[in-house]
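Subject: Handing over a structure

Hello,

Here is the structure I promised to pass on to you.

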Protein chains: 2
Amino acid sequence: MADKKKRRRPDPSSDDESHQPFKNQIKPDPVILQILQKLTDSVRAATEASSSSSKALTLADLALSESCREVADLSLSSVQSTIESLTLKIAHSILSGNGFAFDVPSRSAANQLYVPELDRIVLRDKTSLRPYASISTVRKATITARILQLIHQLCLKSIHVTKRDLFYTDVKLFTDQTQSDSVLDDVSCMLGCTRSSLNVIAAEKGVVVGRLIFSDNGDMIDCTKMGMGGKAIPPNIDRVGDMQSDALFILLVEKDAAYIRLAEDRFYNRFPCIIVTAKGQPDVATRLFLRKMKMELKLPVLALVDSDPYGLKILSVYGCGSKNMSYDSANLTTPDIKWLGIRPSDLDKYKIPEQCRLPMTEQDIKTGKDLLEEDFVKKNPGWVEELTLMVKTKQKAEIQALSTFGFQYLSEVYLPLKLQQQDWL
Amino acid sequence: MADKKKRRRPDPSSDDESHQPFKNQIKPDPVILQILQKLTDSVRAATEASSSSSKALTLADLALSESCREVADLSLSSVQSTIESLTLKIAHSILSGNGFAFDVPSRSAANQLYVPELDRIVLRDKTSLRPYASISTVRKATITARILQLIHQLCLKSIHVTKRDLFYTDVKLFTDQTQSDSVLDDVSCMLGCTRSSLNVIAAEKGVVVGRLIFSDNGDMIDCTKMGMGGKAIPPNIDRVGDMQSDALFILLVEKDAAYIRLAEDRFYNRFPCIIVTAKGQPDVATRLFLRKMKMELKLPVLALVDSDPYGLKILSVYGCGSKNMSYDSANLTTPDIKWLGIRPSDLDKYKIPEQCRLPMTEQDIKTGKDLLEEDFVKKNPGWVEELTLMVKTKQKAEIQALSTFGFQYLSEVYLPLKLQQQDWL
């Protein structure tokens, strides 16, 4: 043993942690790769079938009893001309002695709808008038006009700014940033375009590494050559393009620590994949990037999140959107994400020791129970079963809990075995 | 005007914001570039003079009345053999019937010292015994032994893990992460090596873009070809190398929004520079990366932070370290960072409107006054003057406040003029 101990990279079988559970069940990599190839093929076949027989299902195809509102990606020049037409209409209205009012879509909870056929939240069609000549709405109407003017400037200059920049251009009028942010969402809805089409972006947070090549603002990026740090996901998706990949799947990781482990071990070379994380709560840039990868590369998406209600919540935001931005759910959501792990049933299955599990707080349990009532959970019986188990056992665990069996248990045992057993829901 | 309005990229002189203050004072770029070249030359000359006449000043050169403790970057094999010698010493002590105790450096505030000659905080030499055969220290001694064993494993495997991973390998013993984290710092001090030498890394947060080429884990990265997203700063500095650059300076930016503006405008192409941000509080990885750039490329570092006490605090952490990690200040700090902006005197000078300034809270004012007592502020009369002005006017402002003069005022007017006027402290 002594000479083996001196080796810098001991082979896994001589590992200190040879007591790692399930290690002996892992089949040779080619077997697992074959399984993954089948998964990818089936996702591709399904995508192609739906796109050849009929286009992908959209809100318009459904003929719902009530009409809904959706936005689309518009070019800068369309945004510009839409604003200009709106302004002309307003000028006419003023000149004809009628004053003016904006017709603003309502974004309240009562105006939201979960559509099971699409598996995402959408916005109903209710709008409300925002007249300038009314004490209760004059302020908001003024802010709306100012935001429209600022967006028009961005179109002329073809630059991107953050919400914070937007706020600071007229602090006197906006008073605080929640007001300009909220009207910005109103303006998106009114113009019928995505917030990214307005060239207003959020701070970047996510990183990507693995078998992906894409262009960012004209530069070609090879994500297998990004070392351990990975490539920061660009804040403006409209300058991302030319995606190419030989990956078999996308691995969506909730947290940084697990991402670092997989990046250092170059997991994507053993099992060809693209690894992406938003480091916690999904931000808009990462959601747009994930969707774009899924759509262009037609790859299955497997999610690795903590075994707690927030892990599932995060999965649901990627999968079917947040209520706050339901008007843009078509662009922000990635359909058909599989829950790979850590799942509540894994805690016993993988013999996670008691001391690595954490008791759920009252708030955790409430969040878990609320999730059980959500449509997007209900439609997946496997998820309901897992979440019911979590709420029953009142135990949660982080991805990092797997380190109890050795630092590389995640990349060398847990994930290979999950993939081999096709153990996703 | 109408035809100009239609142009996608209007030239700056036909800008909507032609009322931008100071715009007419900006000289042609070659003039500003010449000024920057002089700055860079002087920094290089100073670095070379100090390294040829004598080596850079270290703690050892100072012959302080009291001895201080510093750590160094050690190779994995040295860390491994240091742990092995320590273990042998302990075994001898046990076998000779004396039991064992760790001799642990104290990291308390009373054991810290600011050294003006070095311009950073260092750790004094006081240590305390941590015997196993004592009820009050048996637990901590056990944790210390366990952490040493885990680090030894990391050496054998040559992998990196996060603090969170380390905690989860023995939750039963550590109980909560603050305990394993704190002993990890003890172990760094005891072994006399940096925390990165132990292969325990923090989550990554920073990004870099601009005129820099470097290798990350063997991959060559060209930061002019990273689009707008930039390159995520690697969490493990020991795998970063081969830095090359034709930049004239490093621009250290506090926040994401300003970073995005400069990256989209490719500011680094107009004024050759490297732009780096930790997106708020500086993390260890970004601090190590900044120091490495400064040392290898011998470039001046100019900082762009908010005009509030926290902006200056952040500057000070980059510049002379945090108290918590003073034992490693030699490796974590970047000497001679210049405060470019936003400085309290800029608020009037650049006519930032009243409504874009924010009143300081009681806590802000207290933090500002506390900073005035700190040695690293006192030694720079310009900083004292600025901070005194801030506390007196009770006003603060974010970098984003400049957007009030147009979204690109930062990159097109404020920064060029600052550079032209050599307006840094």
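A salt bridge here is a side-chain nitrogen of Lys or Arg within 4 Å of a carboxyl oxygen of Asp or Glu. With that in hand, Arg107(A) and Asp186(A) form a salt bridge through their side chains, at 3.0 Å from N to O. Arg107(A) sits in the loop between strand 2 (101-105) and strand 3 (112-115) of chain A, while Asp186(A) belongs to helix 7 (residues 177-191), so two parts of the chain 79 residues apart are linked (helices, H or I with at least four residues, and strands, E with at least two, are DSSP runs numbered from the N terminus). Asp186(A) counts as buried because its relative accessibility is 5% (buried means under 20% relative accessible area, exposed over 50%, partly exposed in between, with a 1.4 Å probe and protein chains only).

Before the rest, a word on conventions. This is a predicted model, in which local features need pLDDT of at least 70 and side-chain atom pairs count only at pLDDT 80 or more, whereas totals for chains, interfaces and linings use all residues. Residues are numbered from 1 along each chain as its sequence is written, chains are lettered from A and ligands numbered from 1 in the order in which they are written, and side-chain values use heavy atoms, with hydrogens and water left out.

More on the salt bridges: the search over all chains finds 54 of them. Arg261(A) pairs with Asp265(A) at 3.1 Å, N to O; Arg261(A) is buried at 2%, whereas Asp265(A) is partly exposed at 24%. In chain B, the side chains of Arg343(B) and Asp423(B) meet at 2.7 Å, N to O. Arg343(B) lies in the loop between strand 16 (337-341) and helix 13 (344-349), and Asp423(B) in the segment after helix 17 (409-420), so this pair ties together parts that are 80 residues apart in sequence. Both Arg343(B) and Asp423(B) are buried. In chain A, a network of salt bridges links Arg343(A), Asp346(A), Lys349(A), Glu386(A), Lys418(A) and Asp423(A).

Now the interface. Chain A and chain B each contribute 73 residues to the contact (heavy atoms within 4.5 Å). Between them they bury about 6,100 Å², 48% of it on carbon and sulfur atoms; buried area is the accessible area (1.4 Å probe) that two parts lose on being put together, summed over both. Six salt bridges cross this interface, including one between Glu264(A) and Arg239(B), with the closest N and O atoms 3.3 Å apart.

Which positions carry a UniProt "binding site" feature? The unreviewed entry places it at Glu254(A) and Asp306(A) (positions are in the numbering used here, feature names are shortened, and annotations may be inferred rather than shown by experiment). Although spread over 53 residues of sequence, they cluster in space, with a largest C-alpha distance of 7.2 Å. Glu254(A) is in the loop between strand 13 (249-253) and helix 8 (256-264) of chain A and is buried at 7% relative accessibility. Asp306(A) is in the loop between strand 15 (301-304) and helix 11 (309-320) of chain A, and at 3% is buried too. Not counting residues up to four places away in sequence, Asp306(A) touches Glu254(A), Lys255(A) and Gly311(A), among others.

Best wishes
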